[in-house]
Amino acid sequence: MPDVLAAFPELADIDEPDLRDGVRDCWATACADNAVDDLEAVPWFPPAQRGHGIEDEYLVGHVRDVVAGARALAESLEASRGAEIDHDLLLAAALVHDVSKLYEFDGMEETAVGDLLGHPHYGVHCVAAAGLPVECAHVVLSHTSRTTVEPAFLEAELVKRADEAAAAAIRLTVLDDLRDA
Ligand SMILES: [Fe+2]
């Protein structure tokens with residue numbers, strides 16, 4: 001069983017024990033359900049990697065990029081305009097925003113969950129089953145334009161934007177212009 005805390009050391013920064021345990025359980029269950037022994041070897045996003053010939057990009061690295069980006073945005077807005085951020089929620093939601101990919105893909109191959117549900121709907125089930133609050137499920141659903149759910153609060157908006165920036169940074173490893181993505 002993969003060591004979730006080793007993959008995501010940011011977990012330790014979540015103060016609320018139930019939230020911290022829920023995020024850990026969410027990933028641990030996803031790994032167990034999908035026989036993932038090496039979490040670090042799970043690819044970032046197979047269709048985009050195949051389409052653009054992107055190699056050696058992994059989900060753990062991407063999720064950590066999103067966590068770091070969302071936190072940086074939060075700290076900037078707190079300092080500049082006193083924005084009120086729930087850092088536990090931001091961190092927990094950023095950490096689980098893509099957990100459904102473990103169900104959507106088996107290695108580089110799309111599964112029935114990926115084909116029939118698409119990204120990231122199954123993540124709502126993962127989050128709920130782990131006992132995480134509905135706000136986390138909202139961030140999962142609203143972080144991508146593949147759903148019609150728009151961010152309702154700042155933590156969701158920050159994860160969405162951090163995810164877009166992190167994905168763009170990956171695409172720019174092989175593209176000269178993001179408009180070609
Ligand atoms: Fe993502």
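User: Which elements cover the buried residues of α5?

Analyst: In this predicted model, α5 is mostly covered, as eight of its 10 residues are buried. The buried residues are Leu-89, Leu-90, Leu-91, Ala-92, Ala-93, Ala-94, Leu-95 and Val-96. Their cover includes α2, α4, α8, α9 and α10.

User: Is α4 roughly parallel or roughly antiparallel to α5?

Analyst: The axes of α4 and α5 are 9 Å apart, and the packing angle is about 155°. Angles over 145 degrees count as roughly antiparallel. α4 is therefore, relative to α5, roughly antiparallel.

User: Which residues of α4 and α5 make the contact between them, and how many of the residues are nonpolar?

Analyst: α4 passes α5 in a right-handed crossing. On the α4 side the contact is made by Val-63, Val-66, Val-67, Ala-70, Arg-71 and Ala-74, and on the α5 side by His-87, Leu-90, Leu-91, Ala-94 and Leu-95. By class, this contact of α4 with α5 has one polar residue, one charged residue and, as nonpolar residues, nine.

User: Which residues of α9 does α5 meet, and how many charged residues does the contact have?

Analyst: The crossing of α5 and α9 is right-handed. From α5, Leu-89, Ala-92, Ala-93 and Val-96 meet Glu-135, Cys-136, Val-139 and Val-140 of α9. By class, the contact of α5 with α9 has seven nonpolar residues, no polar residues and, as charged residues, one.

User: At what angle do α5 and α10 pack, and which residues of α10 does α5 meet?

Analyst: The axes of α5 and α10 lie 9 Å apart, at an angle of about 40°. That angle makes α5 oblique to α10, and the crossing is right-handed. Leu-89, Leu-90, Ala-93 and Ala-94 of α5 meet, in α10, Glu-155, Leu-158, Val-159 and Ala-162.

User: Which residues have the most contacts inside the largest nonpolar core?

Analyst: The largest nonpolar core has 52 residues. The elements giving two or more residues to this core are α2, α4, α5, α6, α8, α9 and α10. In soluble globular proteins, nonpolar side chains tend to be buried together. Inside this core, the residues with the most contacts are Val-23, Cys-26, Ala-70, Ala-92, Ala-94, Leu-95 and Val-96.

User: Which residues does Ala-70 touch, apart from those up to four places away in sequence?

Analyst: Ala-70 is one of the residues with the most contacts inside the largest nonpolar core. Ala-70 is also one of the α4 residues that make the contact with α5. Not counting residues up to four places away in sequence, Ala-70 touches Leu-90, Ala-94, Leu-158, Val-159 and Ala-162.

User: Is Cys-126 buried or exposed, and which residues are in contact with Cys-126 beyond four places in sequence?

Analyst: Cys-126 is found in helix α8. Because 24 other C-beta atoms lie within 10 Å, Cys-126 is buried. Leaving aside neighbours within four places in sequence, the contacts of Cys-126 are Cys-26, Ala-30, Val-99 and Ser-100.

User: Why does Leu-117 count as partly exposed?

Analyst: Leu-117 is found in helix α7, which spans residues 112–117. A buried residue needs 20 or more other C-beta atoms within 10 Å, and an exposed one has 12 or fewer. Leu-117 is partly exposed because its count of other C-beta atoms within 10 Å is 17.

User: Where is Ala-35, and what is its phi?

Analyst: Ala-35 is in the loop between α2 and α3. With 8 C-beta neighbours inside 10 Å, Ala-35 counts as exposed. Most residues other than glycine have a negative phi. Although Ala-35 is not a glycine, its phi is positive, at about 50°.

User: What is the phi of Asp-56?

Analyst: Asp-56 lies in the loop between α3 and α4. Asp-56 is exposed, with 9 other C-beta atoms within 10 Å. Asp-56 is not a glycine, yet it has a positive phi of about 55°.

User: Which residues does a cis peptide bond join?

Analyst: Most peptide bonds are trans. In the loop between α7 and α8 lies Pro-120. With omega at about 0°, a cis peptide bond joins His-119 and Pro-120.

Note on methods. Residues numbered from 1 in each chain as written. Predicted model: local features only at pLDDT ≥ 70, side-chain atom pairs only at ≥ 80, totals over all residues. Core = buried A, V, L, I, M, F, W, Y, C linked by C-beta atoms within 7 Å. Helix = DSSP H or I, 4+ residues; strand = E, 2+ residues; numbered from the N terminus. Contact = placed C-beta atoms within 7 Å. Left-handed = near helix turned anticlockwise from the far one by under 90°. Nonpolar A, V, L, I, M, F, W, Y, C, P; charged D, E, K, R; others polar. Axes fitted to C-alpha atoms, helices over the stretch in contact; angles between N-to-C directions. Parallel < 35°, antiparallel > 145°, perpendicular 65-115°, else oblique.
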